[in-house]
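User: I would like a close look at one helix and its surroundings. Please take me through it step by step.

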Amino acid sequence: MRRWNGWGDENNGMELPPGGVGFLHERVGKAAPLADASLESVLARTPSSRLPAHPLITTDAETRVRHARGQSLPDWLAMRSGDFLYFPDGVAFPESSEDVRELLDFCLARDIVVIPYGGGTSVAGHINPFESDKPILTMDMGRMNSLLELDEESQLATFGAGTPGPHLEAQLRARGYTLGHFPQSFELSTVGGWVASRSSGQQSLRYGRIEQLFAGGRVETPRGTMYIPTFPASSAGPDIREIILGSEGRMGVLTEVKVRVTPLAEKEDFYVIVFPSWTQAKIAARELVQGKVQLSMLRVSNAVETETQLALAGHPKQIEWLERYLKWRGAGNGKCMMTVGVTGTADQCRAAKSQLNALIKRQRGVNTGTLLGHKWAQKRFLMPYLREALWRDGYVVDTLETATDWDNVDHLLNKIEANLRAGLEREGERVHVFTHLSHFYGQGCSIYTTYVFKSGSSYEETLARWERMKRSTSEIIVNNRGTISHQHGVGKDHAPFLPVEKGELGMCAIAALCREFDPQQLMNPGTLIASVEEPQTTAKKAIKRGDAWTT
């Protein structure tokens with residue numbers, strides 16, 4: 001059964017190895033966990049629903065609690081403390097586009113706010129209820145989870161928008177196909193959520209981000225039903241697909257998603273290569289991507305992340321032998337790991353590996369083979385469970401991600417890390433910070449930074465620590481040529497920073513679209529854009545101040 005106050009299935013999890021706990025003691029200090037609230041105590045504080053009865057809506061307390069928060073760090077602290085603040089008044093479970101249409105019409109007639117809900121994996125506050133004089137309905141798309149059509153000639157598949165990653169891949173693989181979209185949230189996140197938040201999967205080098213995979217579909221909006229046709233390409237004005245991509249439920253509910261699928265690959269391998277330095281690893285990654293070597297994925301860990309991964313891997317004897325071998329090969333202190341995926345036909349894989357090996361040699365990399373690579377692949381969707389393991393030992397972990405051009409990568413990365421590392425100095429606390437580059441383009445790449453710190457003496461203190469680091473680092477990102485989000489969307493948490501990135505006219509355009517599709521402003525208000533009434537004022541304030549924290 002899914003956890004009510006954390007990530008994933010109660011039967012799944014990760015344990016920190018003894019050496020890993022000692023590593024954190026050394027880097028951050030010994031910590032003490034905070035006490036968790038019980039589900040019973042939260043249920044006792046859940047207010048009565050304000051919704052009128054409807055056959056598709058349930059108003060029982062536990063269902064509402066389980067749909068009240070996502071997976072951001074503030075969400076985590078709210079669930080663990082039991083201090084949720086706000087709950088949806090009810091949860092609907094539509095089973096078809098017609099059910100969604102009926103529910104929207106019901107809400108429009110009664111002035112009810114609607115929050116679309118996919119897998120509940122948002123880390124930016126997309127699905128959170130808020131203080132409102134109006135009743136709030138969360139619309140859970142989880143029962144719309146089937147493959148509706150597969151056009152093998154055009155290689156197009158149509159899914160219900162609530163189809164989660166494993167279910168989607170299982171239905172395609174039974175027919176010999178894959179979508180190839182594997183975000184870290186793959187276990188729970190849905191195809192509709194991927195489109196709504198402009199998601200990126202770990203193997204996007206081969207299959208593309210969701211914007212390359214999304215071909216069309218059906219959207220139920222307050223103004224009516226909109227069908228997005230599938231064209232291989234079109235020059236007929238602005239692309240309506242792009243309006244829905246990243247719309248985060250502000251313009252309607254995506255009910256059917258048409259995606260471009262690929263026949264299953266003949267061969268796939270993952271390798272771990274270790275370079276003597278960050279510079280050599282980064283240059284190797286850039287040359288691989290700009291040279292268009294047919295890889296399916298790349299990930300480059302900086303020296304601290306490499307050290308952390310080895311410390312948390314367990315198997316200390318094997319890691320010790322690996323360290324000795326790498327040092328003998330010239331990759332000692334400061335070494336950086338690169339994880340590479342090679343996917344395709346046997347001929348494509350041979351050609352890619354030949355090009356890869358030549359570049360590794362030029363940058364003095366050490367190819368450790370497929371053992372570590374396949375261990376990474378086996379565990380890649382378990383990493384969200386690490387937060388649970390760390391929490392039990394009194395540690396808090398969170399991430400920040402952005403993307404920028406190659407000429408700005410080191411500058412922005414260093415500023416992000418330095419700010420986080422010093423974030424709790426005035427309290428005499430240390431923060432363990434490490435980064436990897438996780439998605440690559442000819443123009444630049446994404447920067448994905450993880451930071452670990454001790455929980456405070458209370459939930460309030462812990463949240464205040466996070467807010468200080470999150471706010472100041474987000475300001476650094478948007479004011480130093482970084483996007484506020486490369487792969488997790490905007491939600492409510494990032495909305496205050498969006499004006500710096502989009503500019504005054506851009507914010508006005510987004511607000512105009514929201515007003516056009518949703519004149520009553522009942523669709524997920526506060527998400528993506530704080531207010532559709534004053535986007536110009538918000539943008540001017542943010543740009544004038546030179547930062548984005550305007551709310």
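Analyst: Start with how helix packing is expressed. Axes are lines fitted to C-alpha atoms, for helices over the stretch in contact, and angles run from 0 to 180 degrees between N-to-C directions. Helices here (H or I, at least four residues) and strands (E, at least two) are DSSP runs, numbered from the N terminus.

The model is predicted, so local features need pLDDT of at least 70 and side-chain atom pairs count only at pLDDT 80 or more, while totals for chains, interfaces and linings use all residues. Residues are numbered from 1 along each chain as its sequence is written, and side-chain values use heavy atoms, with hydrogens and water left out.

The helix is α1, residues 18-27. Look at its buried side. Buried means under 20% relative accessible area, exposed over 50%, and partly exposed in between (1.4 Å probe, protein chains only). Gly20, Val21, Phe23 and Leu24 of α1 are buried. They cover an arc of only 155 degrees around the axis, which puts them on the same side of α1. That arc is taken from the directions from the helix axis to the C-beta atoms. Now turn to the face away from the buried side. Pro18 and Glu26 are the exposed residues there.

What do the buried residues of α1 pack against? Their partners are the helices α12 (303-312) and α16 (386-392), and the strands β16 (395-405), β17 (432-437) and β18 (444-454). Contact means heavy atoms within 4.5 Å.

Take α12. α1 and α12 pack at an angle of about 140 degrees, and their axes are 7 Å apart. The two helices are therefore oblique to each other. Angles under 35 degrees count as roughly parallel, over 145 as roughly antiparallel, 65 to 115 as roughly perpendicular, and the rest as oblique.

Which residues meet? From α1 come Gly19, Gly20, Phe23 and Arg27; from α12 come Glu307, Thr308, Ala311 and Leu312. This contact divides into 3 nonpolar, 3 polar and 2 charged residues. Ala, Val, Leu, Ile, Met, Phe, Trp, Tyr, Cys and Pro count as nonpolar, Asp, Glu, Lys and Arg as charged, and the others, Gly among them, as polar.

Next, follow the chain onward. After α1 comes Gly29, with a positive phi near 110 degrees. Ala37 sits in the loop between α1 and α2 (39-44). Ala37 is buried, with a relative accessible area of 18%. Leaving out residues up to four places away in sequence, Ala37 touches Trp4, Arg80, Ser81 and Gly82.
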